[in-house]
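Here is a short briefing on one protein model. Look at the sequence and the structure first, then read on.

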Amino acid sequence: MENENKQRFIQFPETYDRRRLNKMYRAAGLPDRKSYLLRNYFCAMANLYGTISLAAAWKLIHAYHPRGAITEEQFWTFAELARHEDEGYDIMGLDECFADEPPHTPQERSIISGILFDTDEGYADMLNWQRGKPLYVPATQEEMLYYADWRYVEATPWQKKLAAFLMKRMPKNWYLGERERALWEVFFDVRVDGDVHLLLGAAEEWGLVMKRDSEVEEFVALCVDYTNHARLFSNRGHTPAELSALMPHDFTQRQTASIGPRMREALARGTMTVEELREQFRTQEFPHESVRTAFLEELERVAAELGLAAGKEKVGRNDPCPCGSGKKYKKCCGR
């Protein structure tokens with residue numbers, strides 16, 4: 001269904017207090033251990049996919065429990081009662097989210113991460129970005145349930161390298177708990193939005209200490225590598241690299257590009273040239289050529305904005321300063 005021009009209309013189900021819910025669960029004959037397990041599954045799917053239909057969610061859960069440890073009747077009973085819980089997800093139909101939608105049956109509803117309702121177009125945009133993409137399925141129920149904790153991040157080589165880089169350069173007065181919380185939040189934000197610039201923006205906000213331009217270049221490369229291998233809402237849990245391999249001709253990852261303030265400053269000072277950065281974008285691994293194109297176009301826009309020539313030579317520290325002062329660059333603008 002097309003949602004690009006849908007008018008937002010949010011009618012959230014009423015939230016019940018815990019006492020009332022417990023009474024309803026008992027009346028429905030749903031054991032605590034099963035409602036607890038299903039709640040974890042729903043949280044995990046909201047945190048991994050952003051949104052997933054209840055029909056698809058049941059198919060996954062049934063695959064993880066083929067011998068009937070959770071029955072279909074228990075699943076749908078829980079889905080109806082969980083609509084009234086205060087969790088990090090909502091269970092709603094399109095008729096509760098957009099105007100002029102025909103009534104939906106309970107079986108046509110979806111699990112939706114609450115964060116998708118933070119902006120007017122968040123849920124509609126996510127439905128459009130996910131359209132036509134295959135669903136990522138963790139190999140085991142244990143792997144799926146890791147995502148019940150929003151802080152969980154798959155420890156890939158790219159994630160480990162970026163986390164180590166960030167932790168080392170965070171403000172020294174931050175406690176370990178503050179550092180870990182900051183990492184959890186930014187990694188979750190990348191999963192939601194899939195944008196490299198979120199990592200670059202976080203670096204500026206945190207005041208990360210990067211003393212050399214080579215560190216800035218390393219940071220940008222680490223950000224791109226991590227985002228290429230991060231599980232994204234927009235890819236239904238797949239990483240851009242996985243999806244590019246699965247859908248080489250149909251891949252439609254959002255085209256985003258951002259050249260942050262530190263890199264702009266390096267370009268303006270002449271310690272990094274437009275040609276050097278262009279070559280980096282040309283050789284860097286990207287999930288799709290459309291993303292590379294977006295970065296190259298953004299570079300040209302920034303270069304024009306700064307009035308830089310494409311072939312400008314990098315200024316050495318002992319070279320005459322290009323400002324015309326007669327001093328060496330390291331004693332003048334290169335300080």
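**Tyrosines and other aromatic rings**

Tyr 152 is partly exposed, because its relative accessible area is 24% (buried means under 20%, exposed over 50%, partly exposed in between, with a 1.4 Å probe and protein chains only). Tyr 146 is also partly exposed, at 43% relative accessibility. This is a predicted model: local features need pLDDT of at least 70, side-chain atom pairs count only at pLDDT 80 or more, and totals for chains, interfaces and linings use all residues. Residues are numbered from 1 along each chain as its sequence is written, and side-chain values use heavy atoms, with hydrogens and water left out.

**Aromatic pairs**

- Tyr 146 and Tyr 152 form a tilted aromatic pair, 5.2 Å centre to centre with 35 degrees between the planes.
- Rings of Phe, Tyr and Trp (its six-membered ring) pair if their centres lie within 6.5 Å; planes under 30 degrees apart count as stacked, over 60 as edge-to-face and the rest as tilted.
- The whole structure holds 17 aromatic pairs.
- Tyr 25 and Phe 78 make a stacked one, at 6.1 Å and 25 degrees.
- That pair links distant parts of the chain: Tyr 25 sits in helix 1 (residues 18–28) and Phe 78 in helix 4 (residues 72–82), 53 residues apart.
- Helices (H or I, at least four residues) and strands (E, at least two) are DSSP runs, numbered from the N terminus.
- Tyr 25 and Phe 78 are both buried.
- One aromatic cluster includes Tyr 25, Phe 78 and Trp 58.

**Around His 65**

- His 65 lies in the loop between helix 3 (54–64) and helix 4.
- His 65 counts as buried because its relative accessibility is 11%.
- Beyond its neighbours within four places in sequence, His 65 is in contact (heavy atoms within 4.5 Å) with Leu 37, Tyr 41, Ile 70 and Gln 141.
- Gln 141 is 76 residues from His 65 along the chain, yet their C-alpha atoms are separated by 8.6 Å.

**The sheet**

- Three strands form an open sheet in the order 1-3-2, with antiparallel pairing.
- Two strands pair if DSSP finds at least two bridges between them.
- Strand 1 (51–53) and strand 2 (89–92) stand at the edges with a single partner strand each, so one side of each has no neighbour in the sheet.
- Four bridges join strand 2 to strand 3 (residues 110–113).
- Ile 91 has Ile 111 in strand 3 as its bridge partner.
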